[in-house]
Amino acid sequence: MTQSVVVQVGQCGNQVGCRFWDLALREHAHVNKRGLYDEAISSFFRNVDSSVGDGLTFTYLNPQAVLVDMEEGVVNEILQGPLREVFDSTQLLTDVSGSGNNWLYFASRRCTGSGLGTRVLSLLEEEFPEVCRIVTSIYPSAEDDVITSPYNSILAMNELTEHADCVLPVENQSLVDIVNKIKVMSHGAKPGLIIKRNSTVTSGQGGLSGAEKPFDAMNNIVANLLLNITSSARFEGSLNMDLNEIAMNLVPFPRLHYLVPSLTPLYTLADINVPPRRLDQMFSDAFSKDHQLIQADPKHSLYLACALMVRGNVQVSDVRRNIERLRPSLPFVSWNQEGWKTSLCSVPPVGHSHSLLALANNTCVKPTFMELRERFTKLYRKKAHLHHYLHVEGMEQSFFSEAVASLSSLIEEYHHLDATKAKLMPDAPRLSIAR
Amino acid sequence: MSVVTVQLGQCGNQVGQELFDVICSDAQEGQRKTYSASSCKRFFHQTAHGDLVARAVLIDMEPKVINHSMSMAAKSGRWRYGESSHFSQKQGSGNNWANGYCVHGPRHRDAVEELVRREVERCDRLSGLIAMMSVAGGTGSGVGTYITQCLRDIYPTSFILNHLTWPYGTGEVIVQNYNSVLTLAHLYQLSDAILVHENDTVHRICSQLLNIKHISFSDVNRVIAHQLGSVLQPTLTADSHGEYSRNSLGIDWQVRPPAGSGRSRSLTGGSFNTSLANLLILRGKDVYSAETGGFEDPALYTSWLSSKEAFNLWKSPVPFNKYEKSATLVSNSQALLRPLDDMVGKAWNMFASRAYIHQYIKFGISEEDFLDSFTSLEQVISSYSQLC
């Protein structure tokens, strides 16, 4: 168990972040019924009551978080909402006027996260180079209403490629699809197939917030992603996995650190007479496109590495059996044929008996990046809206050309690996020992 | 004659706790005074209140597992760990051998050495040190290797046994083969004996011999603990005259073949397993009348050692762990050759693409260090495969 700090930037970042803290508190409350401040909680929360030591009941918990935004709207909302008692004023950063924040000087709020967020990222790398930086970023869909979002995305991606240890890209479209799927299940389902309350990956009920706001369902999915990644750091298990192990195992080459997340189950059925979906089905689901948080096709691309983070009453033999079963249908790169990282955390998410998060480093992100580049090129070719950016002090046109060059070279690296897929690569000749 | 155990990383601490549990419950079984006293003295020290406290030091770079092991021990009601005999951080080694060996090891060396020193000083006579660790992760493998080196420096004449757990061939840690190669190459120069359990093999025992349906790491660890316990518990040898004081770690298993020995033997050749040395331990009923001649067959052993030199037999009429009769074989032979070769082969393939290397270089080891480790292990593989 290590300690971690969550940095939430911009409207999106702060809304998702707050869903995370809400659900995290719910998770810990579920397990820690007596309210004792223990090691698990201390990985993400500070105990601010100095009269309460370890192992004693706490009254005030303070999340280890920094909330950043260009304007006060979202952060103020948080401070007036049910989580107000949890954060203190020193954790909030909203007065960030001034130079150095390149591409956030723009009306749309959507820019703060990408611009300021990536700036914060490179500052973190400067200040704390050995601390692992894991970034969850929301990628816009093709029909994004912000016209210049391709500019923001490409500029941000350059920073993410250079300064993050690993990135979990999440596409809004995938979140929308999952939300819709759950809606269909809840409303049009056959009799007897009723979803258990509070068990959906989109639900925030049981947490502090009351009625849910429009983006809450989608944000909850991302919050659940974060809960699952951090579960092994927060709770016990027979095979623990820390955040820094994610980067270590899933990033074979420094820039190729974009991981496809896949979450399962999306819900639990309420009817106790219906047998729970077999454990093996959960593993199969994790490799189905319906459960991925980005639109991509990993099974027809190349796996560089894959991590399975399992929660709940699942044993090592269950994991092994499923790896053996699924392995033949998944193409792995020649030098990492057994490239699986597993973790077993004993505590399942609230409302479930077990869950699985799969993180795959797969060349299937290449098409996503190529599309992004295309949308960028359409705009950039006509120099559309460029003046908004170039007006900002410190911003130069070369940033754009560098950023797109960086993306192109990233695409090229993935392409190079893809090319090895069809070939049968021979084993490297071993060292021979003279007698 | 006491043994101090250092438990390193998640695996080392989980298996270690099971081991002490097995030893304690076996030692306290029935009315076997001399055996019990010897076993307890070897692995525990007794407080003024009569509590049995394990002669162990628990090391990890994060606290969860140590906390769990300590509370499991206390729950047993029969023994516990020393309250301050543990050291942990809040950082983890990230499955990175270099992080363990180059950063955490040196940083925390003093604290760990101090804890070991305290345990050693509580022993009347130290017969040896056991380090328990896995080779797949970052702390057990990296910090474990570094600490073994420190112990070797501080206790140059003590016997050091490294108990290693090898991971499943597929899928515990992606960089497990790198971590294993680096660990084994270094330990080969430092350790007196390397005792290995492979998760795959133990898993088979659980499923085929014990018929366990849903095998957990607990099950695996318990099997390992039983096997290890059956080796380490007191025995009588030909010259111990009924006294259970013989140092069970005193056997030299690191026999090296003389230069220029014989023809080569291919790994896949249908030959059976050639041994350098075998230790057979019999416990329980009828040990004195057991017929063990088959183990002395010269065909089992390499030609430059006589079977008299290579085969050792220890006995104890006291049953181990309630088994009426039990036998344990510890073997220095070609049995590990194939798994070792597979591990080196996979690591080499990965190294050829330089995959993940940047993660290790970040913490202070170089490509040269990797090459040195590969070379060392290829030599070991070569030596063992040439046995005939």
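This is a predicted model: local features need pLDDT of at least 70, side-chain atom pairs count only at pLDDT 80 or more; totals for chains, interfaces and linings use all residues.
Local features need pLDDT of at least 70, side-chain atom pairs count only at pLDDT 80 or more, and totals for chains, interfaces and linings use all residues. Residues are numbered from 1 along each chain as its sequence is written, chains are lettered from A and ligands numbered from 1 in the order in which they are written, and side-chain values use heavy atoms, with hydrogens and water left out.

In chain A, an open sheet is built from three strands in the order β1-β4-β5. Its pairing is parallel. Helices (H or I, at least four residues) and strands (E, at least two) are DSSP runs, numbered from the N terminus. Two strands pair if DSSP finds at least two bridges between them. The edges of the sheet are β1 (6-9) and β5 (92-93) of chain A. Each has a single partner strand, so one side of each is left without a neighbour in the sheet. Four bridges link β1(A) to strand β4 (residues 65-68) of chain A in the parallel sense. Within this pair, A:Gln8 stands opposite A:Leu67 in β4(A). Helix α1 (residues 10-31) of chain A packs on the sheet and touches β1 and β4 of chain A. Contact here means heavy atoms within 4.5 Å. The direction of the helix makes about 140° with that of β1(A). Axes are lines fitted to C-alpha atoms, for helices over the stretch in contact, and angles run from 0 to 180 degrees between N-to-C directions.

Chain B holds an open sheet of three strands in the order β10-β9-β11, with mixed pairing. At its edges stand β10 (311-316) and β11 (325-333) of chain B. Each of these has a single partner strand, so one side of each lacks a neighbour in the sheet. On average, neighbouring strands of this sheet are turned by 10° against each other, direction ignored. Strand β9 (residues 275-284) of chain B runs parallel to β10(B), and six bridges join the two. The bridge partner of B:Asn278 in β10(B) is B:Phe311. The loop between β10 and β11 of chain B contains B:Asn321. Phi of B:Asn321 is near 55°, a positive value in a residue other than glycine.

The interface involves 52 residues from chain B and 47 residues from chain A. Together the chains bury about 4300 Å², 53% of it on carbon and sulfur atoms. Buried area is the accessible area (1.4 Å probe) that two parts lose on being put together, summed over both. In chain B, the most area is lost to chain A by B:Lys64, B:Lys90 and B:Ile174, together 16% of what that side buries.

Four salt bridges are counted between chain B and chain A. A salt bridge is a side-chain nitrogen of Lys or Arg within 4 Å of a carboxyl oxygen of Asp or Glu. A:Glu338 forms a salt bridge with B:Lys346, with the closest N and O atoms 3.7 Å apart. The elements that give two or more residues to the chain B side include α1 (9-27), α3 (64-76) and α10 (337-352) of chain B. The largest share of that side, eight residues, comes from α10(B).

Over all chains, the whole structure has 33 salt bridges. A:Glu162 and A:Arg255 meet in a salt bridge through their side chains (3.1 Å, N to O). A:Glu162 lies in helix α5 (residues 149-163) of chain A, and A:Arg255 in the loop between α8 (243-250) and β8 (260-264) of chain A, so the pair ties together parts that are 93 residues apart in sequence. The peptide bond from A:Thr264 to A:Pro265 is cis, with omega near 0°. A:Pro265 sits in the loop between β8 and α9 (279-286) of chain A.
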